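Biologist: I have the sequence and the model open. Can you walk me through it?

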Amino acid sequence: MKAIAAAVMGIAVAGTAVVLAAPSRASFDPADYFLGRTRGEAVLHKMFGKPVRITVESVGRKAPNDDLILDQVVREAGKAPDRRRWVLRRVSANRLTGTMTAAEGPVEVEVEGPGASIRYRMKGRLKVDQQLTLQPDGRTVRNHMTVKKLGLRVARLEETIRKLD
């Protein structure tokens, strides 16, 4: 179960009711959106167990080579804060690749219009798929994350991420 919790704490994390606003018409650029401070509020739903509220405080900056470095502190009630680091590099106009401390192997990001798909694997043979959608206000992103093991969904996370600056 720790591996599942770690998987869903990967990027940022929303309330129990999922109300998706219409996506923005603007293009979403995760490398720009995550510069500066963001805060995610999420609910993690594991296959077994009660829903868990999670918050993620993130600070993003550009490295000298233009990579995005995103440092996160993930908080879950009753547990010590967990730290994550993402490093993402643009490889084409709509694709980024990189690493995340809890991922095994590369993180792949595909961007299309107001959305981005993020895929990576984690310990325990977990496959993580995140769908980020920029909302019409341009400052809010919805994150829908699914974690699978052997093709079965073992967890999902619904998150609202907001730019703070």
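Biologist: Which residue forms a salt bridge with Glu 158, and how far apart are the closest N and O atoms?
Modeller: Arg 156 does, with the closest N and O atoms 3.9 Å apart. A salt bridge here is a side-chain nitrogen of Lys or Arg within 4 Å of a carboxyl oxygen of Asp or Glu.

Biologist: Before I go on, what am I looking at, and how is it numbered?
Modeller: This is a predicted model, where local features need pLDDT of at least 70 and side-chain atom pairs count only at pLDDT 80 or more, while totals for chains, interfaces and linings use all residues. Residues are numbered from 1 along each chain as its sequence is written, and side-chain values use heavy atoms, with hydrogens and water left out.

Biologist: Back to Glu 158. Buried or exposed?
Modeller: Glu 158 counts as buried, at 4% relative accessibility. Buried means under 20% relative accessible area, exposed means over 50%, and partly exposed is in between (1.4 Å probe, protein chains only).

Biologist: What about Arg 142, which side chain of opposite charge is nearest?
Modeller: Glu 158 again, 4.1 Å away. Arg 142 is buried yet has no salt bridge. For charges, Lys and Arg count as positive and Asp and Glu as negative; His and the chain ends are not counted.

Biologist: What does the Arg 142 side chain have a polar contact with?
Modeller: The side chain of Thr 160, at 2.5 Å. A polar contact is a pair of N or O atoms within 3.5 Å; within protein, one must be able to donate a hydrogen and the other to accept it, and residues adjacent in sequence count only if both atoms are side-chain atoms.

Biologist: Where does Arg 142 sit?
Modeller: In strand 9, residues 140–149. Helices (H or I, at least four residues) and strands (E, at least two) are DSSP runs, numbered from the N terminus.

Biologist: Why call strand 9 largely enclosed?
Modeller: Because seven of its ten residues are buried.

Biologist: And which strands does strand 9 pair with?
Modeller: Strand 8, antiparallel, through nine bridges, and strand 10 (residues 152–163), also antiparallel, through ten bridges. Two strands pair if DSSP finds at least two bridges between them. His 144 of strand 9 stands opposite Gln 131, and His 144 also stands opposite Glu 158 in strand 10.

Biologist: How many residues are in the turns?
Modeller: The hairpin of strands 8 and 9 has five residues between them, and Gly 138 in that turn has a positive phi of about 75 degrees. The hairpin of strands 9 and 10 has two, and Leu 150 there has a positive phi of about 55 degrees.

Biologist: New topic. How many salt bridges are there in the whole structure?
Modeller: Twelve. One of them joins Asp 71 and Arg 85, with the closest N and O atoms 2.5 Å apart. Asp 71 lies in strand 3 (residues 68–76) and Arg 85 in strand 4 (residues 82–92), so the pair ties together parts that are 14 residues apart in sequence.

Biologist: What does Asp 82 meet in a salt bridge?
Modeller: Arg 84, at 2.7 Å from N to O. Asp 82 is partly exposed, at 26%, whereas Arg 84 is buried, at 7%. There is also a network of salt bridges linking Arg 39, Glu 41 and Glu 57.

Biologist: Last one: how many aromatic pairs?
Modeller: Three in the whole structure. Among them, Phe 28 and Tyr 33 are edge-to-face, 5.7 Å centre to centre with 65 degrees between the planes. Rings of Phe, Tyr and Trp (its six-membered ring) pair if their centres lie within 6.5 Å; planes under 30 degrees apart count as stacked, over 60 as edge-to-face and the rest as tilted.

Biologist: Which residues form the aromatic cluster?
Modeller: Phe 28, Tyr 33 and Phe 34. Phe 28 is buried, at 3% relative accessibility, and both Tyr 33 and Phe 34 are buried.
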